Amino acid sequence: MAAVDIDVPLETDPQICNQDDLERQAEGFKEQGNVFYSKKDYSEAFNYYTKAIDACPKNASYYGNRAATLMMLCRFREALEDSQQAVRLDDCFMKGHLREGKCHLSLGNAMAASRCFQKVLELDPRSGDAQQENKNATALLEFEQMADFSFKKRDFRKVVYCMDRALALASACHRFKILKAECLALLGRYPEAQSVASDILRMDSTNADALYVRGLCLYYEDCIDKAVQFFFQALRMAPDHEKARLACRNAKALKAKKEEGNHAFKNNNYEAAYQLYTEALAIDPNNIKTNAKLYCNRATAGAKLKKLNQAIEDCTSAIKLDDTYIKAYLRRAQCYMDTEQYEEAVRDYEKVYQTEKTSEHKHLLKTAQLELKKSKRKDYYKVLGVGKNATEDEIKKAYRKRALMHHPDRHSAATPEVQKEEEKKFKEVGEAFTVLSDPKKKVRYDNGHDLDDDGCFDGGDFDANNIFRAFFGGHGGGFTFDSSQDSGPGNFFFQFG
């Protein structure tokens with residue numbers, strides 16, 4: 001076959017236009033973008049501004065428009081890039097400088113924002129927007145500096161306050177959010193801190209600071225194993241993350257020391273347990289929840305060692321850290337009972353019972369209330385100087401000694417004041433013996449019953465001298481004490497008159 005000549009056209013694609021056509025096409029895309037922008041359909045506006053940039057990539061206003069759209073979509077980092085490109089193409093593009101400054105401000109870069117606003121004011125000294133935004137940048141810098149100072153002073157509430165004000169101006173600043181979340185965790189406001197960190201991780205799952213805060217919350221909630229996992233993740237993302245490294249080290253040390261203390265306690269080595277809990281408390285003062293448990297554990301060990309006052313102090317420290325810690329209230333209440341501080345014990349048991357209305361807690365409260373009632377009566381055991389488990393013989397010996405010690409005849413030569421006081425004590429000794437030497441009365445007394453209601457000492461019929469005479473053999477006459485034979489409070493020479 002003979003060869004066929006084919007005419008090849010110079011332009012193979014008829015859709016390709018010259019530069020003027022591209023510019024007209026770009027303007028059309030921009031106008032369409034403006035329409036969607038005015039309708040607040042920012043996603044479609046973004047698409048058309050992008051088409052305009054693709055058609056004419058040297059036009060500053062297209063980048064400026066797309067930057068404005070990205071700002072409305074809260075995509076401030078991308079908006080910043082477009083703004084910067086716009087002012088690179090046209091250094092006198094005021095809107096470009098203003099948008100760049102607003103992006104810097106939203107991202108928390110106050111000084112960079114201020115430089116942009118200053119540039120706008122150089123181009124137009126009367127720009128109200130630039131003046132106001134420059135004031136905002138100055139305020140943001142002040143809040144940031146105030147927060148830094150407050151953090152060093154460990155005034156975490158002030159830091160949260162400053163960060164709230166700063167975020168009102170710099171809503172997209174992850175750095176401010178992380179600092180706020182860290183301080184919320186340090187204040188024990190874990191759900192709020194977790195929420196802030198989670199919001200950041202939803203946008204950036206590799207954010208080491210947010211991973212650190214998540215771990216910090218778990219650590220402070222005494223979920224140490226889970227916390228360590230988050231610290232490891234943070235360190236994988238940022239090997240030089242010093243806060244995550246320190247928190248990880250503290251978490252491991254705290255867990256190990258606490259477990260050592262628990263092991264010593266279970267083995268009845270209370271001195272060692274007390275010391276180990278003390279060492280654990282020194283590891284991280286910021287770990288409120290774990291330290292509350294450590295104080296309570298040390299109180300338990302202290303109670304075993306009869307360090308009751310120190311145990312009460314430790315329980316109080318635990319409650320200051322965590323005022324919902326029922327175990328600390330129960331431990332302190334028991335220590336109050338053991339030290340006969342019944343009013344304080346009743347207060348603690350009432351707090352516990354109001355929180356957890358169990359039969360056990362009700363019984364503990366009733367017992368404390370009974371002991372409080374008993375403590376307000378005369379303590380006949382103390383009057384006789386015997387323990388509550390004293391035998392019948394011990395009670396008789398004690399009565400003999402105290403009755404002779406306080407008998408009015410022995411103090412006949414004393415001043416009227418002394419005579420009156422000794423007569424009162426003599427009567428109390430008689431009352432005490434009357435109750436404690438009678439098995440039925442003693443049981444009722446021990447159970448907290450009011451013996452005055454039983455008529456034991458009612459109507460003035462009680463006579464301590466009758467008890468004394470009956471005890472010493474029913475002799476009719478009075479007693480004559482020979483003070484020359486008195487060699488001490490427990491040795492008396494007396495004659496029947």
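Student: Let's start with Asp446. How exposed is it?
Tutor: Asp446 is partly exposed, with a relative accessible area of 26%. Keep in mind that this is a predicted model.

Student: Okay. And what does the side chain of Asp446 meet in a salt bridge?
Tutor: That would be Lys442, with 3.3 Å from N to O.

Student: Where do Asp446 and Lys442 lie?
Tutor: Both sit in helix 23, residues 439–446. They are four residues apart, about one turn of that helix.

Student: Is Lys442 buried or exposed?
Tutor: Lys442 counts as buried, because its relative accessibility is 18% and the cut-off for buried is under 20%. Asp446, at 26%, is partly exposed.

Student: Zooming out, how many salt bridges does the structure hold?
Tutor: The structure holds 23 of them. Side chains of opposite charge can pair when their charged atoms come close.

Student: Are Arg66 and Asp82 buried or exposed?
Tutor: Arg66 is buried, and Asp82 is buried too.

Student: What about Asp222, which side chain does it meet in a salt bridge?
Tutor: Asp222 meets Lys258, at 3.4 Å from N to O. Asp222 lies in the loop between helix 11 (208–220) and helix 12 (224–237), while Lys258 lies in helix 13 (residues 242–266), so the pair ties together parts that are 36 residues apart in sequence.

Student: And the relative accessible area of Asp222? What is it?
Tutor: It's 19% for Asp222, so that residue is buried. Lys258 is buried as well, with a relative accessible area of 16%.

Student: New topic: cysteines. How many disulfides does the count come to?
Tutor: The count comes to zero disulfides. Take Cys296: it is in no disulfide, and the nearest cysteine sulfur, belonging to Cys315, is 5.1 Å away. A disulfide would need the two sulfur atoms within 2.5 Å.

Student: Does Cys296 count as buried or exposed?
Tutor: Buried, because the relative accessibility of Cys296 is 0%. Cys92, on the other hand, counts as exposed, at 56% relative accessibility.

Student: Let's hop to Ser127. Where is its place?
Tutor: Ser127 is in the loop between helix 6 (110–123) and helix 7 (128–152). It counts as buried, at 12% relative accessibility.

Student: What does the side chain of Ser127 reach?
Tutor: The side chain of Ser127 reaches the backbone nitrogen of Ala130, at 3.2 Å.

Student: Leaving aside neighbours within four places in sequence, what is Ser127 in contact with?
Tutor: With those left aside, Ser127 is in contact with Val120 and Leu121.

Student: Last one, Asn269. Where does it lie?
Tutor: Asn269 lies in the loop between helix 13 and helix 14 (270–281). At 39% relative accessibility, Asn269 counts as partly exposed.

How values were computed
Residues are numbered from 1 along each chain as its sequence is written. This is a predicted model: local features need pLDDT of at least 70, side-chain atom pairs count only at pLDDT 80 or more; totals for chains, interfaces and linings use all residues. Side-chain values use heavy atoms; hydrogens and water are left out. Buried means under 20% relative accessible area, exposed over 50%, partly exposed in between (1.4 Å probe, protein chains only). Helices (H or I, at least four residues) and strands (E, at least two) are DSSP runs, numbered from the N terminus. A polar contact is a pair of N or O atoms within 3.5 Å; within protein, one must be able to donate a hydrogen and the other to accept it, and residues adjacent in sequence count only if both atoms are side-chain atoms. Contact means heavy atoms within 4.5 Å. A salt bridge is a side-chain nitrogen of Lys or Arg within 4 Å of a carboxyl oxygen of Asp or Glu.
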